Amino acid sequence: MWRMAAALTRIAAVGGGTAAPARSAHCSSMHHPVTVLCRQISTEAQSVAARLNSSGFLRTQALIGGKWTDAYDGKTIGVNNPATGEVIANIPCMGAREASDAIGSAYDAFKSWSKLTAAERSKCLRKWYDLLIGHKEELGQLMTLEQGKPLKEAIGEVNYGASFIEFSAEEAKRVYGDIIPSPLSDRRLFVLKQPVGVVGVITPWNFPLAMITRKVGPALACGCTVVIKPSELTPLTALAAAELALQAGIPPGVVNVVMGHASDIGDALLASPQVRKISFTGSTAVGKKLMAGAAGTVKKVSLELGGNAPCIVFDDADLDVAIKGTLASKFRNSGQTCVCANRIIVQEGIYEKFADAFSKAVQKMQVGDGFHDDVSQGPLINEAAVQKVETFLEDAISKGAKVILGGKRHSLGMTFYEPTVITDVKSDMLISREEVFGPVAPLLRFKTEEEAVQIANDTNAGLAAYVFTSNIQRSWRVSEALEYGIVGVNEGIVSTEVAPFGGVKQSGLGREGSKYGMDEYLEMKYICLGNMLSN
Ligand code: ADP
């Protein structure tokens with residue numbers, strides 16, 4: 001069933017003892033044997049990797065025009081397990097040439113894929129969904145291996161990620177146009193919705209599957225074809241999903257995956273007039289570059305960029321609901337999501353009680369290798385991520401914040417960090433200005449509703465916000481006043497394929513998921529039929 005890549009045979013050799021690099025940024029010759037860098041041997045992870053390898057699930061080549069492909073110069077990059085530092089696989093380190101060929105394949109495939117009926121495309125997507133769900137265990141294991149999130153959470157992401165494919169399969173059949181009442185009796189006016197064309201899909205490492213499927217699902221449903229560039233830190237889940245797309249009968253060239261030199265591939269996508277849209281999830285800095293670069297060929301752009309989510313807890317909140325929701329939002333994926341609560345803004349009457357109960361709940365969370373049962377907090381993605389947390393914490397402490405729980409690297413070593421709660425946080429601290437992207441919960445204090453809204457909106461970001469209150473009028477009033485694309489009221493996990501996800505201000509452009517997510521991949525064509533009365 002699986003087409004085994006030659007490179008697979010080189011995977012999973014165990015040995016060596018050098019410290020893992022913080023980031024696998026440099027290409028190397030692919031003819032070097034795989035070196036496994038390991039400080040702390042995780043036998044469980046190794047046996048999972050070996051199993052995935054022998055079942056063919058560990059794909060290590062790029063996909064161009066339906067063919068599994070190495071980099072043209074043979075260069076590779078290692079993919080690390082962040083929990084152990086081991087190199088799980090070597091993937092192709094590609095650049096502009098491979099990206100151009102992938103664009104060419106997507107462009108050719110667009111001609112026939114866009115001509116299929118919606119029902120035909122829907123069937124392929126439905127089959128892909130079934131395969132993703134049928135392989136949720138393996139995909140989850142792959143994700144835990146390369147990203148570090150606990151296996152249960154990883155399998156949860158497979159369900160979530162697959163749901164975008166299922167939803168898109170259903171929505172494919174509902175790409176309706178319009179008939180507009182004509183102001184002139186001899187004319188008939190129509191609006192057609194047509195696919196934009198080839199889409200460049202650039203995604204980050206924190207949701208290795210879902211960030212891809214929520215773009216590729218609607219793109220394919222509308223009749224577009226894609227060139228995906230997953231994060232080089234987590235490409236293996238993307239490659240396995242692409243293999244399942246082929247198995248689902250999605251024709252060669254409709255889904256292409258390339259990786260390597262991010263900016264070279266990005267520039268090739270931006271420069272090509274054949275690419276009509278860029279859909280990006282990642283940092284605000286890279287998003288701005290892509291938006292500027294897309295101007296050269298006037299491409300459509302969807303951007304899902306950084307957040308700085310406020311989580312407002314009012315005195316009148318149900319404490320248990322507030323703690324459960326804040327915990328879920330803050331510590332999902334060890335704090336590494338763009339919708340994680342970044343500023344927990346608590347009203348003064350409930351502040352001490354909340355801080356105490358919240359840190360007790362945080363203390364119960366188990367940190368460790370995502371393959372171990374009961375672990376809810378995996379490692380951070382790399383050393384740079386830990387250093388960012390440390391910098392933000394030092395800045396906060398130097399300006400008067402108090403650590404009431406955690407506050408240092410975990411005794412497990414590697415990139416594990418203790419779940420941390422800090423109080424007396426102020427709006428001018430680095431941790432309030434930018435996303436910490438780690439397991440640190442900063443508690444700010446407010447007096448009035450107006451002050452809470454002012455603090456919450458005092459940022460360039462505008463992705464997700466959370467409000468905990470038992471007052472229905474307040475929940476509505478505050479939701480309306482928040483300058484955010486998403487508001488969770490008495491709820492910390494709000495993402496679903498059926499609702500629009502996206503931000504305002506510098507958190508991005510466009511929406512993903514839901515019926516609105518389809519519009520991102522469609523162009524509108526107005527057709528005017530004239531001379532309709534002559535006979
Ligand atoms: P993160 O900090 O989450 O990794 P980035 O914005 O750096 O966020 O990365 C998100 C995605 O964007 C990754 O796939 C990365 O390789 C890619 N990327 C980074 N720089 C560029 C660039 N100049 N052009 C295109 N893609 C890029």
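Trainee: How are H3 and H7 oriented to each other, and why?

Mentor: Please keep in mind that this is a predicted model. The axes of helix H3 (residues 118-134) and helix H7 (residues 236-247) cross at roughly 135°. Angles over 145 degrees would count as roughly antiparallel and 65 to 115 as roughly perpendicular, so H3 and H7 are oblique to each other.

Trainee: Within what distance do the axes of H3 and H7 come?

Mentor: The two axes come within 8 Å. Two packed helices are described by this distance together with the angle between the axes.

Trainee: Is the crossing of H3 and H7 left-handed or right-handed?

Mentor: H3 passes H7 in a right-handed crossing.

Trainee: Which residues meet there?

Mentor: H3 contributes Lys-127, Trp-128, Leu-131 and Leu-132. On the H7 side, they meet Ala-241, Leu-244, Ala-245 and Gln-247.

Trainee: Let us turn to the rings. How many aromatic pairs does the structure hold?

Mentor: There are five aromatic pairs. One of them joins Phe-314 and Phe-446, with 5.4 Å from centre to centre and 85° between the planes.

Trainee: What is that geometry called for Phe-314 and Phe-446?

Mentor: The pair is edge-to-face, because planes over 60 degrees apart count as such.

Trainee: Where in the chain do Phe-314 and Phe-446 lie?

Mentor: Phe-314 is in the loop between strand S13 (309-313) and helix H10 (319-331), whereas Phe-446 is in strand S19 (residues 440-446). The pair links distant parts of the chain, 132 residues apart.

Trainee: Are Phe-314 and Phe-446 buried or exposed?

Mentor: Phe-314 has a relative accessible area of 0% and is therefore buried. Phe-446, at 1% relative accessibility, counts as buried too.

Trainee: And what about Phe-331 and Phe-358: which kind of pair do they form?

Mentor: Phe-331 and Phe-358 form a tilted pair, 6.4 Å centre to centre with 35° between the planes. Phe-331 lies in helix H10 and Phe-358 in helix H11 (residues 351-363), 27 residues apart. Phe-331 is buried at 3% relative accessibility, and Phe-358 is buried at 0%.

Trainee: One last topic: which rings have an arginine over them?

Mentor: Among them is Trp-68, where Arg-59 lies over the face at 4.5 Å from the ring centre. Another is Phe-501, with the charged end of Arg-214 over its ring, 4.1 Å from the centre.

Definitions and conventions. Residues are numbered from 1 along each chain as its sequence is written. This is a predicted model: local features need pLDDT of at least 70, side-chain atom pairs count only at pLDDT 80 or more; totals for chains, interfaces and linings use all residues. Side-chain values use heavy atoms; hydrogens and water are left out. Rings of Phe, Tyr and Trp (its six-membered ring) pair if their centres lie within 6.5 Å; planes under 30 degrees apart count as stacked, over 60 as edge-to-face and the rest as tilted. Helices (H or I, at least four residues) and strands (E, at least two) are DSSP runs, numbered from the N terminus. Buried means under 20% relative accessible area, exposed over 50%, partly exposed in between (1.4 Å probe, protein chains only). A charge sits over a ring if NZ of Lys or CZ of Arg is within 6 Å of the ring centre and within 35 degrees of the ring normal. Axes are lines fitted to C-alpha atoms, for helices over the stretch in contact, and angles run from 0 to 180 degrees between N-to-C directions. Angles under 35 degrees count as roughly parallel, over 145 as roughly antiparallel, 65 to 115 as roughly perpendicular and the rest as oblique. A crossing is left-handed if the near helix is turned anticlockwise from the far one by less than a right angle, and right-handed if clockwise. Contact means heavy atoms within 4.5 Å.
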